[in-house]
Amino acid sequence: MIVPVSAVFAAVLGLLLLVLSGMVSRFRLKYQKSLGVTDDRDFEAAVRAQANLVEYAPLGLVMLAIAELNGVPSGLVYWTGMAFVVGRVLHAFGMINGRGGPHIARMTGILLTWAGILAIALLLLWNVFQVYG
């Protein structure tokens with residue numbers, strides 16, 4: 001079984017995680033702090049951007065892969081996944097550039113993330129209903 005749409009989104013989110021992890025590692029080296037954060041707002045924002053991705057990405061990717069495996073039309077999986085992944089990228093960008101405060105990219109990113117999760121959840125339920133009535 002091949003899930004090419006989900007695979008591409010997983011690859012993009014994996015690369016985003018490496019970028020965010022690199023940012024966190026730079027701060028950890030700078031402050032010689034292997035656990036927790038300092039009072040540096042940029043350090044805290046980098047840690048939360050990374051953690052937020054880790055909190056949302058696994059569920060989103062699992063849901064997309066299940067939808068793709070269950071035969072949800074690939075176009076629907078693609079556009080739902082696109083909303084989710086763009087949301088994650090925007091959220092990270094807004095978190096870093098807004099230094100943890102309000103930022104339009106951060107707010108747009110979380111809304112796209114939630115919309116993507118809601119859409120894929122509804123698609124999965126619709127798919128199960130179609131198959132099992």
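This is a predicted model: local features need pLDDT of at least 70, side-chain atom pairs count only at pLDDT 80 or more; totals for chains, interfaces and linings use all residues.
**Entry 1: α1 beside α3**

I began with helix α1 (residues 4-31) and helix α3 (residues 74-97), whose axes lie 10 Å apart at an angle of about 5°. Angles under 35 degrees count as roughly parallel, so I noted α1 and α3 as roughly parallel to each other. Next I looked up who makes the contact: α1 brings Val5, Phe9, Val12, Leu13, Leu16, Leu20 and Met23, while the residues from α3 include Val77, Tyr78, Gly81, Phe84 and Arg88. Sorted by class, this contact has 15 nonpolar residues, one polar and one charged.

**Entry 2: the nonpolar core**

Which residues have the most contacts inside the largest nonpolar core? I found Leu13 and Leu20, in a core of 29 residues. Helices α1, α2 (41-69), α3 and α4 (104-132) each supply at least two of its residues. The largest share is from α2, with eleven residues. I then followed Leu13: leaving aside neighbours within four places in sequence, Leu13 touches Leu53, Ala57, Leu61, Phe84, Val85 and Arg88. A reminder to myself: in soluble globular proteins, nonpolar side chains tend to be buried together.

**Entry 3: Thr80**

My last stop was Thr80, which sits in helix α3. Is Thr80 buried or exposed? Its relative accessible area is 10%, and buried means under 20%, so I wrote down Thr80 as buried. Apart from neighbours within four places in sequence, I found Thr80 in contact with Leu64, Gly116, Ala119, Ile120 and Leu123.

Terms used. Residues are numbered from 1 along each chain as its sequence is written. Side-chain values use heavy atoms; hydrogens and water are left out. Axes are lines fitted to C-alpha atoms, for helices over the stretch in contact, and angles run from 0 to 180 degrees between N-to-C directions. Helices (H or I, at least four residues) and strands (E, at least two) are DSSP runs, numbered from the N terminus. Angles under 35 degrees count as roughly parallel, over 145 as roughly antiparallel, 65 to 115 as roughly perpendicular and the rest as oblique. Contact means heavy atoms within 4.5 Å. Ala, Val, Leu, Ile, Met, Phe, Trp, Tyr, Cys and Pro count as nonpolar, Asp, Glu, Lys and Arg as charged, and the others, Gly among them, as polar. Buried means under 20% relative accessible area, exposed over 50%, partly exposed in between (1.4 Å probe, protein chains only). A nonpolar core is a set of buried Ala, Val, Leu, Ile, Met, Phe, Trp, Tyr and Cys residues joined through side-chain atoms within 4.5 Å.
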